[in-house]
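Student: Could we go through this one together, with me asking and you answering?
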Amino acid sequence: MPPTQSAYRAHYSTETAMLKIFNDMLLAADRGEVTALCMLDLTAAFDTVDHEVLLNKLNRMFGLSGIALNWLRSYLTDRSYTVIYAGNTSCEVIIICSVPQGSVLGPLLFILYSSDLPKLATKRDILAFLFADDIQLYRHCSMAAVAVTVLGVRYCVYDISCWMSSHRLKLNPDKTEFLWIGTPNMMSKLPAGGPQLQLENCVIPVSTEARSLGVIIQSDLEMKRHVQFVSRACFFQLRQLRSIRHSVDVSTASTLIHAFISSRLDYCNSLLAGSTKVVTDVLQKVQNAAARLMTGSSRWQHDIHTIMHEKLHWLNIEDRVTFKCASLCTRHCMAWHQGI
């Protein structure tokens with residue numbers, strides 16, 4: 001399995017992928033370097049997997065042969081689908097490509113199909129991190145090597161584009177994002193935010209922020225835009241829940257708040273480790289509002305933290321971040337010890 005692929009693997013997730021990338025960029029900034037980050041988007045990646053290419057790759061790269069390979073060939077071929085709507089059935093369509101989505105093997109087969117993508121980036125001295133068909137390419141450099149770095153990223157994207165053409169996949173340049181990332185002082189020294197990424201048929205302008213795997217990354221490495229986005233989404237859900245709170249019992253209200261609010265507060269919150277109180281207080285206000293809704297407390301009640309800890313048994317935002325980081329470290333240490 002490619003070590004930089006985080007999708008559909010034990011002890012890996014979107015959060016571990018983003019934490020790795022974000023941590024690498026922070027360490028580069030500590031060294032006085034900037035990071036060129038390119039996020040590639042594929043068009044209908046799972047739907048265009050070529051069966052013969054996949055089977056040949058399973059044979060050559062992963063050593064599958066004989067009965068095992070024939071099982072997979074039988075699994076992929078002679079599939080069809082129809083659409084039934086209002087009692088009417090469409091014509092039968094034979095599936096000549098793609099991996100079966102919604103199946104156990106489908107995601108795993110796609111990971112094996114794209115397993116040599118990170119090697120293409122390594123040849124260009126570019127770091128690549130993947131989550132299924134989401135590809136993040138990044139490279140750290142000094143301020144003097146910015147022009148050389150963007151050229152290396154350009155050649156790397158070209159290599160990946162050629163590889164995808166040979167594998168019946170297609171890059172979507174309209175959704176490709178490119179950022180220069182560093183401390184505010186470093187970014188102020190880059191004219192116009194840094195050089196653009198010139199591809200074969202288009203120019204990818206430099207963005208100041210981009211969304212990757214549900215996290216908004218800013219060029220200055222701050223998390224303000226991300227927590228603002230999370231806060232807006234949570235308060236929208238709280239307004240909807242407030243209108244029905246009197247109609248549901250405590251257990252149902254707790255389930256709804258954990259489903260719509262706590263899940264958003266906890267998603268990728270390990271990236272907030274070391275953030276200033278100004279950043280974490282934005283999410284703390286959301287949690288306080290959720291606790292008031294849960295307990296029926298007034299917005300003017302000042303002991304909401306005591307109620308939250310003693311009655312609801314909730315950790316505050318800063319403690320949740322610390323707990324997440326500790327959980328991730330413990331889980332990966334145990335996985336490493338077991339040789340996973």
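Predicted model: local features only at pLDDT ≥ 70, side-chain atom pairs only at ≥ 80, totals over all residues.

Student: OK, at what angle do H2 and H4 pack?

Tutor: Helix H2, residues 51-60, packs against helix H4, residues 105-113, at an angle of about 75°, and their axes are 10 Å apart. Because angles of 65 to 115 degrees count as roughly perpendicular, that is the term for H2 and H4 relative to each other.

Student: Which residues in H2 and H4 meet?

Tutor: From H2 there are Val-53, Leu-54, Lys-57 and Leu-58, and they meet Leu-109, Leu-112 and Tyr-113 of H4. Sorted by type, the residues of this contact of H2 with H4 are six nonpolar and one charged, with no polar ones.

Student: And how do the axes of H8 and H10 cross?

Tutor: The axes of helix H8, residues 224-242, and helix H10, residues 277-295, cross at roughly 10° and come within 9 Å, so H8 and H10 are roughly parallel to each other. On the H8 side the contact includes Val-227, Cys-234, Phe-235 and Leu-238, while the H10 side includes Val-282, Val-286, Ala-289 and Leu-293. The residues of the contact of H8 with H10 comprise 13 nonpolar, one polar and three charged.

Student: Switching to H9, where is its kink centred?

Tutor: The kink in H9, a helix spanning residues 250-266, is centred on His-258 and amounts to about 40°. Buried residues in H9 are Ala-253, Ile-257, Ile-261, Ser-262 and Leu-265, and after the helix comes Cys-268, with a positive phi near 55°.

Student: Now the largest nonpolar core: which residues touch the most other members?

Tutor: They are Leu-137, Met-164, Phe-178 and Trp-180, in a core of 94 residues.

Student: What is Phe-178 in contact with, leaving aside its neighbours within four places in sequence?

Tutor: With those neighbours left aside, the contacts of Phe-178 include Ala-36, Leu-37 and Cys-38, Val-150 and Val-153, and also Pro-195, Leu-197, Ile-204 and Val-206.

Student: Last one, is Ser-219 buried or exposed?

Tutor: Ser-219 lies in the loop between strand E13, residues 215-218, and H8, and it counts as buried because its relative accessible area of 14% falls under the 20% cut-off. Beyond its neighbours within four places in sequence, Ser-219 is in contact with Leu-179, Trp-180, Ile-181, Gly-182, Met-187 and Thr-208, and among these Trp-180 is one of the core residues that touch the most other members.

Terms used: Residues numbered from 1 in each chain as written. Heavy atoms only, no water. Axes fitted to C-alpha atoms, helices over the stretch in contact; angles between N-to-C directions. Helix = DSSP H or I, 4+ residues; strand = E, 2+ residues; numbered from the N terminus. Parallel < 35°, antiparallel > 145°, perpendicular 65-115°, else oblique. Contact = heavy atoms within 4.5 Å. Nonpolar A, V, L, I, M, F, W, Y, C, P; charged D, E, K, R; others polar. Core = buried A, V, L, I, M, F, W, Y, C linked by side-chain atoms within 4.5 Å. Buried < 20%, exposed > 50% of the residue type's maximum accessible area, 1.4 Å probe, protein only. Bend = angle between axes of the 7 residues up to and from the residue.
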